[in-house]
Amino acid sequence: MTRRRWWLAAVLLSLLALLAGACGSDDDPAVDSGANDDAAGDTEPAVPEFEEGTTMAKLQAAGKITVGTKFDQPLFGLKDPVSGDVQGFDVEIAKLIAQRIFGGSLEDAADKIEFVETVSANREPFIEEGKVDMVVATYTINDTRKQRVDFAGPYYIAGQDIMVKKGDTSIKSVEDLNGKKVCSVVGSTSIKNVQAKAPQADVSVSFDKYSLCAEALKDGRVQAVTTDNIILLGLIKDSPNDFQLVGETFTEEPYGIGIKKGDDDFRDFINEVLEEIYESGEWEEAFDRTVGEAGEEAPEPPKVDRYTSGGAAGGTGASTTTAGGGSGGTTTTMAPTTSTAKP
């Protein structure tokens with residue numbers, strides 16, 4: 001071989017070596033596209049298959065789910081006035097459910113959700129009229145509401161508490177609300193709870209949003225605001241120099257996901273998703289990046305309540321309910337017209 005031919009052969013061999021290095025080898029996981037695809041698949045659920053005719057199949061085919069939530073509750077459901085995004089623990093729960101319907105990442109699921117502002121007074125009508133596919137909006141499960149809608153969950157247990165002005169030491173418990181002006185929202189039963197325990201409380205002031213109650217407390221129109229402790233905690237987080245929590249809960253509030261009455265397949269599906277995210281740690285992660293911002297540590301998730309529906313709305317049969325709780329359930333039978341005090 002002449003020197004010129006030898007030189008050309010060396011150049012060709014060098015070029016081939018460079019090309020091989022750029023392409024990578026099958027043994028190198030850092031450049032193996034198949035390995036990267038597998039890794040992504042481990043964290044993003046594949047698109048599931050559902051039985052034809054189920055709500056899940058219909059939503060998947062439509063490529064969209066409409067979720068009712070609140071837009072004025074820090075930590076659970078708060079709409080950013082600039083970006084228009086809705087943020088909070090309820091929003092994250094909705095995303096995790098949507099992800100199990102459509103597959104892909106949480107960001108993919110978020111793109112398929114239309115959030116509709118749903119205040120306490122219109123949660124049942126919005127579900128019944130089909131304006132939303134489900135409601136995730138600090139929605140306490142109780143027997144009266146079960147006559148009109150069905151619930152999956154609970155996914156969180158709250159308790160009713162009292163918010164007062166910063167530095168106010170005159171109110172230490174619900175009984176101290178006697179003779180005081182108290183605010184809560186229309187459509188909740190927080191006021192009924194107060195009336196039962198502090199019958200001399202003046203509960204004549206009410207609005208459709210808790211943020212308006214907070215304004216009334218700030219300007220002195222009322223002396224206290226009462227609802228679930230976690231809702232009040234969100235209001236305090238936004239105005240720490242104005243408000244404080246009394247810290248004495250006097251009810252138990254299991255938050256559920258409201259859906260159309262009689263849709264057992266959808267309810268079972270959501271319950272299974274909740275149990276899955278409890279086990280996987282996704283529920284705790286969602287709590288930490290929302291409610292955790294206020295310094296709250298994630299509790300043990302509650303036991304899912306797979307109660308037997310009482311039938312059509314307005315039915316007269318009793319409902320057999322497994323009462324959820326962190327340490328297990330207790331089976332009780334309750335008349336469907338029984339109303340427990342829930343916001």
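A salt bridge is counted here where a side-chain nitrogen of Lys or Arg lies within 4 Å of a carboxyl oxygen of Asp or Glu. The model is predicted, so local features need pLDDT of at least 70 and side-chain atom pairs count only at pLDDT 80 or more, while totals for chains, interfaces and linings use all residues. Residues are numbered from 1 along each chain as its sequence is written, and side-chain values use heavy atoms, with hydrogens and water left out.

The structure holds 16 salt bridges. In one of them, the side chains of Lys 209 and Glu 117 meet at 3.1 Å, N to O. Lys 209 sits in the loop between strand E10 (202-207) and helix H9, and Glu 117 in strand E5 (residues 113-117), so this pair ties together parts that are 92 residues apart in sequence. Helices (H or I, at least four residues) and strands (E, at least two) are DSSP runs, numbered from the N terminus. Lys 209 has a relative accessible area of 25% and is partly exposed; Glu 117, with 28%, is partly exposed too. Buried means under 20% relative accessible area, exposed means over 50%, and partly exposed lies in between, with a 1.4 Å probe and protein chains only.

The salt bridge between Lys 146 and Asp 143 has an N to O distance of 3.8 Å. These two residues are three residues apart in helix H7 (residues 143-146), which means that about one helical turn separates them. Lys 146 is buried, with a relative accessible area of 4%, and Asp 143 is buried with a value of 4%. Asp 219 forms a salt bridge with Arg 221, the closest N and O atoms being 2.9 Å apart. Here Asp 219 is partly exposed at 48% relative accessible area, and Arg 221 is partly exposed at 41%. Salt bridges also link Asp 150, Lys 261, Asp 264 and Arg 267 in a network.

Helix H9 covers residues 210-218 and includes Tyr 210. Tyr 210 is buried, with a relative accessible area of 2%. Its C-alpha atom is separated by 9.2 Å from that of Thr 226, 16 residues apart along the chain. Along H9 the buried residues are Tyr 210, Cys 213, Ala 214, Ala 216 and Leu 217. They cover an arc of only 160° around the axis, so they lie on the same side of H9; the arc is that of the directions from the helix axis to the C-beta atoms. After H9 comes Gly 220, whose phi is positive, near 90°.

Strand E8 (residues 160-165) has five of its six residues buried, so the rest of the structure largely encloses it. E8 pairs with strand E11 (residues 224-228) in the antiparallel sense over four bridges, two strands being paired if DSSP finds at least two bridges between them. With strand E12 (residues 243-245), E8 pairs in the antiparallel sense over three bridges.

In soluble globular proteins, nonpolar side chains tend to be buried together. A nonpolar core is defined as a set of buried Ala, Val, Leu, Ile, Met, Phe, Trp, Tyr and Cys residues joined through side-chain atoms within 4.5 Å. The largest such core has 58 residues, of which Phe 89, Ile 93, Met 134, Tyr 155, Tyr 156, Ile 257 and Ile 270 touch the most other members. Helix H4 (residues 89-102) gives the most to this core, with nine residues. Apart from this core lies another, of 14 residues, including Val 174, Leu 177, Val 182 and Ala 198.

Contact means heavy atoms within 4.5 Å. Leaving aside neighbours within four places in sequence, Tyr 156 is in contact with Phe 76, Phe 89, Ile 230, Glu 253, Pro 254, Tyr 255, Trp 283, Phe 287, Pro 299 and Pro 302.

Ile 277 belongs to helix H11 (residues 264-280) and counts as buried at 0% relative accessibility. With neighbours within four places in sequence again left aside, Ile 277 is in contact with Ile 93, Leu 96, Arg 100, Glu 282 and Trp 283. The C-alpha atoms of Ile 277 and Ile 93, 184 residues apart along the chain, are separated by 9.3 Å.
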